[in-house]
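This report is an introduction for a reader who has not seen the structure before. Please look at the sequence and the model first, then read the sections in order.

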Amino acid sequence: IRRAMVAGAPMINVRSILLCLISAVLLSRGAQASGHGPVFGAATPTLGRGAWSLDQAWTMRFGEDARREQMLKAMVTFGITEVLQVSASIPEVMSENTLAPARMMNAMSNDREIESLIGYRFHRTPVGIGGRRESTVYVGGTIPLERARFGVSAGGSLIVSAATGYAGRSHYLWFGGAIQHYFPRDGERLGDSRTLTMVYGYRPAVFRERTGRPDLRFFVESTFEDRQASRSTDARLTAPPRTLFIGPTSLLVYKAMALSGGLQWAAYQDAEFARERMRVAINFSYFWFR
């Protein structure tokens, strides 16, 4: 692949935005952290009416020959109603792309681009005591902050994803799928991404009984991605990758804060370029009401 992307590509200056958001957090009333679940996979929770969340996510990808990529992104989410929310994420720091393109986290892109998503929980059915079956659909898009990516002109994209499953007091099970379609730019087009995710979660008995105390949950997450071929006018491209990653994650919730993180290892790879070995993600969230 011909690399036409420059490591120091222009980035949005988000320092002033973050300072305003942090000030709002410090001056706001506390809220019970909710609406969050797994790290990599798709899930169904949405924020309550009038609730805000500020996420700071750091991810790292490790490949062969000591190759690695890292990303630091901020995401703001607002609950319009109990079942409808909107989010936007902005990259702060990103290393040069040295591994094959991939979408690591369901809620945030892994590239230099602004992303916005609308989530609508269209189905919810109570099951037993404290359990529910529910489904959520997400629609949004991205705007790139770089001219080219892996030697191909980078255009915007449309994202459609959905998740369905069961969430209870002790067990969780979600299935999700997503399609990210890139639009052409300068006669070239990045390859589409198709992903499937599965998440199983468990909350130990000690964290089920009382509210207002730390709440810890454990997950096993799997992510399958089938990346389509890009179209380029003058670059010779390798075959797009097809990957399956599996690994453990956890979520710690206390009052208005949540900390989640975990690892995923490559269980299957069909890739000719820059094979991956492991993915790491850590996400800190703060919640408040307007």
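Predicted model: local features only at pLDDT ≥ 70, side-chain atom pairs only at ≥ 80, totals over all residues.

## A threonine in strand 11

T197 is found in strand 11. Is T197 buried or exposed? With a relative accessible area of 9%, T197 is buried, because the cut-off for that class is under 20%.

Which residues does T197 touch, leaving aside neighbours within four places in sequence? The contacts of T197 are G41, A42, W174, F175, G176, S222 and T223. A42 also takes part through its backbone: the nitrogen there lies 3.2 Å from a polar atom of the T197 side chain.

Two elements give two or more residues to the patch, namely strand 10 (171-182) and strand 11 (193-202). Strand 11 gives the most, with three residues.

## A glutamine in strand 14

Q269 lies in strand 14, made up of residues 257-270. The relative accessible area of this glutamine is 14%, which is under 20%, and therefore Q269 is buried.

Not counting residues up to four places away in sequence, Q269 touches R242, T243, R275 and E276. For E276 there is a polar pair to report as well: its backbone oxygen lies 2.5 Å from a polar atom of the Q269 side chain.

## The protein as a whole

How many helices and strands does the protein have? The secondary structure comes to one helix and 15 strands. Of the contacts with a separation of 6 or more, 65% are between residues 24 or more positions apart.

The protein has 290 residues, and 51% of them are buried; T197 and Q269 are among the buried ones. The accessible surface comes to about 13,600 Å². Carbon and sulfur atoms account for 61% of that surface.

Methods:
Residues numbered from 1 in each chain as written. Heavy atoms only, no water. Helix = DSSP H or I, 4+ residues; strand = E, 2+ residues; numbered from the N terminus. Buried < 20%, exposed > 50% of the residue type's maximum accessible area, 1.4 Å probe, protein only. Contact = heavy atoms within 4.5 Å. Areas by Shrake-Rupley, 256 points an atom, 1.4 Å probe, with all protein chains shown as cover. Polar contact = N/O pair within 3.5 Å; in protein donor to acceptor, adjacent residues only side chain to side chain.
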